[in-house]
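Subject: Structure for your files, with notes

Dear colleague,

Here is the structure I promised to pass on, and my notes follow below it. Please read them with the sequence and the 3D view side by side.

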Amino acid sequence: MELSEIEQKMRESVNNIEKIGAEYAEAKALSWLMQEQRKIVLATEAAKSEAKSTIAKEQEALQSEAYKLHLDGTKEAIGDEHRLKATYERWYAQYECCRSLMSVTKKQMELL
């Protein structure tokens with residue numbers, strides 16, 4: 001592989017690291033928010049309950065559609081976060097690989 005090809009792949013990696021990194025940051029923030037809001041959704045649903053005991057209110061809240069919907073959304077947010085992290089790490093690994101390859105190629109050129 002020639003230096004120009006390696007440099008082109010490095011540029012592509014850097015561009016994708018930047019792009020995916022921004023998407024990953026947004027996904028991570030959403031994932032965190034969804035996880036934190038779980039308690040709020042649960043408390044809101046428990047407050048709506050007309051049950052007499054705290055345990056019964058919590059059980060109703062845990063079985064509510066709003067809570068189940070929130071959990072599904074949280075699952076999706078966490079999945080998106082992890083998929084983007086994996087993609088980000090792949091591009092970062094490609095960049096590091098190209099960097100190493102460039103060093104080896106330059107060293108070989110010096111020996112010729």
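Is Trp-32 buried or exposed? With a relative accessible area of 53%, Trp-32 is exposed, where exposed stands for over 50% relative accessible area, buried for under 20% and partly exposed for what lies in between, with a 1.4 Å probe and protein chains only as cover.

Before the rest, a word on the source: this is a predicted model, in which local features need pLDDT of at least 70 and side-chain atom pairs count only at pLDDT 80 or more, while totals for chains, interfaces and linings use all residues. Residues are numbered from 1 along each chain as its sequence is written, and side-chain values use heavy atoms, with hydrogens and water left out.

Surface patch

Trp-32 is found in helix α1, residues 3-48, helices being DSSP runs of H or I with at least four residues, numbered from the N terminus. Together with Leu-30 and Leu-33, Trp-32 makes a nonpolar surface patch of about 310 Å². Such a patch is made of residues with over 30% relative accessible area and no salt bridge, nonpolar side chains (Val, Leu, Ile, Met, Phe, Trp, Tyr) being joined within 5 Å and like charges within 9 Å; the areas come from the Shrake-Rupley method with a 1.4 Å probe.

Helix α3

Helix α3, residues 65-111, has 47 residues and reaches 69 Å from its first C-alpha to its last, close to the 69 Å expected at 1.5 Å a residue, the expected span being 1.5 Å times one less than the number of residues. Its buried residues include Tyr-67, His-70, Trp-91, Cys-98 and Thr-105, and what covers the buried residues of α3 includes α1 and α2 (54-63). Thr-105 counts as buried at 11% relative accessibility, and, leaving aside its neighbours within four places in sequence, Thr-105 is in contact (heavy atoms within 4.5 Å) with Met-1, Leu-3 and Ile-6.

Salt bridges

A search of the whole structure finds seven salt bridges, each defined as a side-chain nitrogen of Lys or Arg within 4 Å of a carboxyl oxygen of Asp or Glu. One of them joins Lys-39 to Glu-36, with the closest N and O atoms 3.9 Å apart; both residues lie in helix α1, three residues apart, about one turn of the helix, and Glu-36 is partly exposed at 35% relative accessibility.

In helix α3, Asp-80 and Arg-83 are separated by about one helical turn because they are three residues apart, and their side chains meet in a salt bridge at 2.6 Å, N to O. Asp-80 is partly exposed, with a relative accessible area of 36%, and Arg-83 is likewise partly exposed, at 49%. Arg-99 forms a salt bridge with Glu-96, the closest N and O atoms being 3.2 Å apart, and these two also lie in helix α3.

Aromatic pair

The count comes to one aromatic pair. The pair is stacked because the rings of Tyr-24 and Tyr-88 have their centres 6.4 Å apart and their planes at 25 degrees; rings of Phe, Tyr and Trp (its six-membered ring) pair if their centres lie within 6.5 Å, and planes under 30 degrees apart count as stacked, over 60 as edge-to-face and the rest as tilted. The pair links distant parts of the chain, with Tyr-24 in helix α1 and Tyr-88 in helix α3, 64 residues apart. Tyr-24 is buried at 16% relative accessible area, whereas Tyr-88 counts as partly exposed at 28%.
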